[in-house]
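Morning, everyone. Please bring up the sequence and the structure, and we will go through a sheet and then the nonpolar cores.

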Amino acid sequence: MGRLGIGMLLVALGLAWTAPARAQEPVRQEPLRQEPLRQEPVRVVATFSILGDLVRQVGGDRVAVSTLVGPNGDAHSFVPAPADAQAVAASRLVVVNGLGFEGWIDRLIKASGTKAKVVVASKGIVPIEEADDGHGHDHAVDPHAWQNVANTKTYVANIRDGLASVDPEGKAAYQANATAYLAKLDALDGEVRTALAGIPEARRRIVTTHDAFGYFARAYGMRFLAPQGVSSQSEATARDVAAIVRQVRRDKIPAVFLENVSDPRLMQQIARESGAKAGGRVFSDALSEPNGPAPTYLEMMHHNVKEFAAALSG
């Protein structure tokens, strides 16, 4: 075998000896990345749309909110269905307004068998005592406390604490969300006062379908009249309507407003018989649909104040 042949043989043998050595070298593996476990949202049931929005503002992406009485729905006349009991049973937190607003909620909670914590959002608010106006409704106090922005700050604090009690790991997030939202409520309160400041004192009088704006009236220097009491279920009699018409004429009340949860015919009759201006649609006990003018609490308050100011300033 020539020198060339011997050289090639040696090269081949060298490859044969080194190949196993390379094959036995350990393979370096990158450490597996551990994906963080996704937090299961806290299931919360809110009794009506305004409360549902407040829970979402505080809870953020840590909560999944179900609302029993949806947009444009009337909580006064709501009748729960079996699906509502199932939603309550599956929840970890139930947020209610209190003050007698949801006359059906205690029965629903009992029927559902839920172990959820119940938060009364209005806890700590001094209610307006209902005057005896002869309407015969069941409320002892006015439950519409959210119509005063300062009261809504109490709602937010109660919701924040309720969420933290069932989800301690989210306490810091709930605190941060609530603090940011409370700043927005402070700004809203100032905006409401500024918008109404230009309305002459003599014109700060409004007729609405039912007596849902008592807290707004006290907080912002307005006067509201209504043929129905604090519950929209109370029936306005012909005598009630006639009394309102006479008062509108006598006091020269500038405008009457239709609420989104009420039958429009009553307000149309009062406007027609009294000669008062028919104002726009306002939102008292419920938000609008998502693409409407009042899909959140902040937008609801802005919309109502805009309608009031437009009707009363002229």
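Predicted model: local features only at pLDDT ≥ 70, side-chain atom pairs only at ≥ 80, totals over all residues.

Strand β7 covers residues 205-208, and β9 covers residues 255-259. The two run parallel, and three bridges join them. As background, strands of a sheet pair through backbone hydrogen bonds, either parallel or antiparallel.

Zoom out to the whole sheet. In what order do the four strands come? The order is β8-β7-β9-β10, the sheet is open, and the pairing is parallel. At the edges are β8, residues 223-225, and β10, residues 277-282. Each edge strand pairs on one side only. Neighbouring strands are turned by 30 degrees against each other on average, direction ignored.

Next, the helix on this sheet. Helix α10, residues 297-313, packs there and touches β7, β8, β9 and β10. Its direction makes about 170 degrees with that of β10.

On to the cores. In soluble globular proteins, nonpolar side chains tend to be buried together. Here, the largest nonpolar core has 75 residues. Which members touch the most others? They are V95, L185, F216, Y297 and M300. Helix α10 gives the most to this core: nine residues.

Take L185 from that list. Leaving aside neighbours within four places in sequence, L185 is in contact with V149, T152, K153, V156, Y297 and L298.

Another core lies apart from the largest one. That core has eleven residues, among them V207, V245, I270 and A276. Thanks.

Technical notes: Residues numbered from 1 in each chain as written. Heavy atoms only, no water. Pairing = 2+ DSSP bridges. Axes fitted to C-alpha atoms, helices over the stretch in contact; angles between N-to-C directions. Contact = heavy atoms within 4.5 Å. Core = buried A, V, L, I, M, F, W, Y, C linked by side-chain atoms within 4.5 Å. Buried < 20%, exposed > 50% of the residue type's maximum accessible area, 1.4 Å probe, protein only.
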